[in-house]
Amino acid sequence: MKFLTPSLLVLTCFVIGGAVFKSMAPRTCGTILSDDTIFVLTGDMRRIPFAMRQLRKYPNADLYIIGAGENTTFDFSKRVTIESDSKSTYQNALAIREIANRTGLDRIVLITTEDHMNRAKYLIQREMPQSEIVTCPVPLSDMPVTKRLERWTVEYIKYIATMFGINEGYK
């Protein structure tokens with residue numbers, strides 16, 4: 001019985017923490033200004049089409065596709081720049097910091113899926129503490145509930161690892 005009590009306590013804390021983690025994720029897109037710079041993180045097929053729809057709404061905005069991979073080719077307008085060196089969310093954050101520093105940005109719009117937003121924003125904010133990050137989450141509403149639960153759980157575990165300083169080893 002003594003073994004069961006600490007395990008139950010840990011499990012309860014994990015479940016409650018997961019619920020808080022999910023409730024902290026933004027559900028809607030923040031206010032995008034007409035001349036903002038939008039950064040979309042790759043890794044899910046929904047993200048780039050969602051970002052392109054946002055770009056059409058804001059004719060003076062620029063879009064950076066971060067972590068596109070070496071063999072990725074896109075046919076986009078001049079307002080779209082592709083960064084293909086970063087391979088993880090942490091490396092995405094470093095790439096965004098480098099671009100923001102080079103171009104003088106102190107405000108960015110971040111697009112990624114809703115389950116990935118908390119960790120991505122945390123890593124970027126840590127690299128760019130003086131910058132404003134406007135979140136614009138891609139919803140997962142078209143996904144079966146069990147798959148969404150699995151994705152949220154994985155992202156929650158990755159977020160916990162990130163809080164302990166483990167930045168690499170996963171995407």
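Y156 is buried, with a relative accessible area of 10%; buried means under 20% relative accessible area, exposed means over 50%, and partly exposed is in between, for a 1.4 Å probe and protein chains only. This is a predicted model, in which local features need pLDDT of at least 70 and side-chain atom pairs count only at pLDDT 80 or more, while totals for chains, interfaces and linings use all residues. Residues are numbered from 1 along each chain as its sequence is written, and side-chain values use heavy atoms, with hydrogens and water left out.

## Aromatic pairs

A pair of aromatic rings is described by the distance of the centres and the angle of the planes. Here, rings of Phe, Tyr and Trp (its six-membered ring) pair if their centres lie within 6.5 Å; planes under 30 degrees apart count as stacked, over 60 as edge-to-face and the rest as tilted. The count comes to six aromatic pairs. In one of them, the ring centres of F14 and Y156 are 4.9 Å apart with the planes at 45 degrees, so this pair is tilted. It joins distant parts of the chain, since F14 sits in helix α1 and Y156 in helix α5, 142 residues apart. F14 itself is partly exposed, at 31% relative accessibility.

F21 is buried at 4% relative accessible area, and W152 counts as buried at 7%. F14, F21, Y122, W152, Y156 and Y159 form one aromatic cluster.

For quick reference, here are the two pairs side by side.

| Pair | Centre to centre | Angle of planes | Type |
|---|---|---|---|
| F14 and Y156 | 4.9 Å | 45 degrees | tilted |

## Helices α4 and α5

Helices and strands are DSSP runs numbered from the N terminus, helices being H or I with at least four residues and strands E with at least two. Helix α4 and helix α5 (residues 145-163) pack at an angle of about 20 degrees, and their axes are 9 Å apart. The axes are lines fitted to C-alpha atoms, for helices over the stretch in contact, and angles run from 0 to 180 degrees between N-to-C directions. The two helices are therefore roughly parallel to each other, a term for angles under 35 degrees. On the α4 side, the contact (heavy atoms within 4.5 Å) is made by N118, R119, Y122, L123 and R126, and on the α5 side by E155, K158, Y159, T162 and M163.

## Other residues

E127 lies in helix α4, which covers residues 117-127. Is E127 buried or exposed? With a relative accessible area of 17%, E127 is buried. Apart from neighbours within four places in sequence, E127 is in contact with Y90, A93, L94 and R97.

S131 is found in the loop between α4 and β5 (132-138). S131 is buried too, at 13% relative accessible area, and it touches L105, D106 and Q125, not counting residues up to four places away in sequence.

Finally, P6 lies in helix α1 (residues 4-24) and is partly exposed, with a relative accessible area of 44%.

Methods
Parallel < 35°, antiparallel > 145°, perpendicular 65-115°, else oblique.
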